[in-house]
Amino acid sequence: MSPEEVLQKLDKLNPNALLLEPRTVYDKALVDVTDDPQDQWPREARVHVAVYDELACIEAIMRWLGCEGDEALDWYSYNTSGAWMGEGTPTFRREDLDPDPPA
């Protein structure tokens, strides 16, 4: 799903869902919408939130802040994935993982 499609779907399902700022940095990392986030936050059932690709977020932080991977990962862990902003807080997943690895 493209970031534009994610934004359209989210606008229909939960226009109050939160998006990462600055949008010019993070919107490229949007990959989906879910009402079943698999993260550490307690959530109400059936609340749709944005899903961001974890690695794309880290790469975006590296470009934005002009830093190396370790610093971007620290920033991401503390300021992005580790920040509860309320019920509409986005969730994250790794899009590079193969869901069906060879046996």
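In which helix is the place of Trp75? Trp75 has its place in helix H4. The model described here is predicted. This briefing treats the sheet, the aromatic pairs and the salt bridges in turn. The sheet is open and consists of three strands, while a search of the whole structure finds five salt bridges and the structure also holds five aromatic pairs.

**The sheet**

- Strands of a sheet pair through backbone hydrogen bonds, and the pairing may be either parallel or antiparallel.
- In this structure, three strands form an open sheet in the order S1-S2-S3, and the pairing is mixed.
- S1 and S3 stand at the edges with a single partner strand each, so one side of each has no neighbour in the sheet.
- From one strand to the next, the twist averages 35 degrees.
- The pairing of S1 and S2 is antiparallel and runs over four bridges.
- Within this pairing, Leu30 stands opposite Tyr52 in S2, and Thr34 has Val49 in S2 as its bridge partner.
- The pairing of S2 and S3 is parallel and runs over three bridges.
- Here Val51 stands opposite Thr91 in S3.
- Five of the five residues of S2 are buried, so S2 is largely enclosed by the rest of the structure.
- As a general point, the side chains of a regular strand alternate between the two faces of the sheet.

**Aromatic pairs**

- The structure holds five aromatic pairs.
- One of them joins Trp41 and Trp84: the ring centres are 5.3 Å apart and the planes stand at 35 degrees, so this pair is tilted.
- The label follows from the cut-offs, because planes under 30 degrees apart count as stacked, those over 60 as edge-to-face, and the rest as tilted.
- Trp41 lies in the loop between strand S1 (30–34) and strand S2 (49–53), and Trp84 lies in the loop between helix H4 (69–80) and strand S3 (91–93), so the pair ties together parts that are 43 residues apart in sequence.
- Trp84 counts as partly exposed, at 36% relative accessibility.
- Another pair consists of Trp64 and Trp75, whose ring centres are 5.8 Å apart and whose planes are at 85 degrees, so the pair is edge-to-face.
- This second pair links distant parts of the chain, with Trp64 in helix H3 (residues 54–65) and Trp75 in helix H4, 11 residues apart.

- Trp64 is partly exposed, its relative accessible area being 37%.
- Trp75 likewise counts as partly exposed, at 30% relative accessibility.
- Together with Tyr26, Trp64 and Trp75 form one aromatic cluster.
- Trp64 and Trp75 also belong, with Leu65, to a nonpolar patch on the surface, and the three residues together have about 260 Å² of accessible area.

**Salt bridges**

- Side chains of opposite charge can pair when their charged atoms come close.
- Five salt bridges are found in a search of the whole structure.
- Among them is the salt bridge between Arg93 and Asp32, in which the closest N and O atoms are 3.0 Å apart.
- Since Arg93 lies in strand S3 and Asp32 in strand S1, this pair ties together parts that are 61 residues apart in sequence.
- Arg93 is partly exposed, with a relative accessible area of 34%, whereas Asp32 counts as buried at 19% relative accessibility.
- In another salt bridge, the side chains of Arg46 and Asp35 meet at 3.7 Å, N to O.
- Arg46 and Asp35 each lie in the loop between S1 and S2, so their pair ties together parts that are 11 residues apart in sequence.
- Arg46 counts as exposed, at 67% relative accessibility, whereas Asp35 counts as partly exposed at 30%.
- Asp39 and Arg43 also form a salt bridge, their closest N and O atoms being 2.7 Å apart.
- Asp39 is partly exposed, with a relative accessible area of 24%.

Note on methods. Residues numbered from 1 in each chain as written. Predicted model: local features only at pLDDT ≥ 70, side-chain atom pairs only at ≥ 80, totals over all residues. Heavy atoms only, no water. Phe/Tyr/Trp six-rings, centres within 6.5 Å; stacked < 30°, edge-to-face > 60°. Helix = DSSP H or I, 4+ residues; strand = E, 2+ residues; numbered from the N terminus. Buried < 20%, exposed > 50% of the residue type's maximum accessible area, 1.4 Å probe, protein only. Patch = residues over 30% accessible without salt bridge, like charges linked within 9 Å, V, L, I, M, F, W, Y side chains within 5 Å. Areas by Shrake-Rupley, 256 points an atom, 1.4 Å probe, with all protein chains shown as cover. Salt bridge = Lys/Arg side-chain N within 4 Å of Asp/Glu carboxyl O. Pairing = 2+ DSSP bridges. Axes fitted to C-alpha atoms, helices over the stretch in contact; angles between N-to-C directions.
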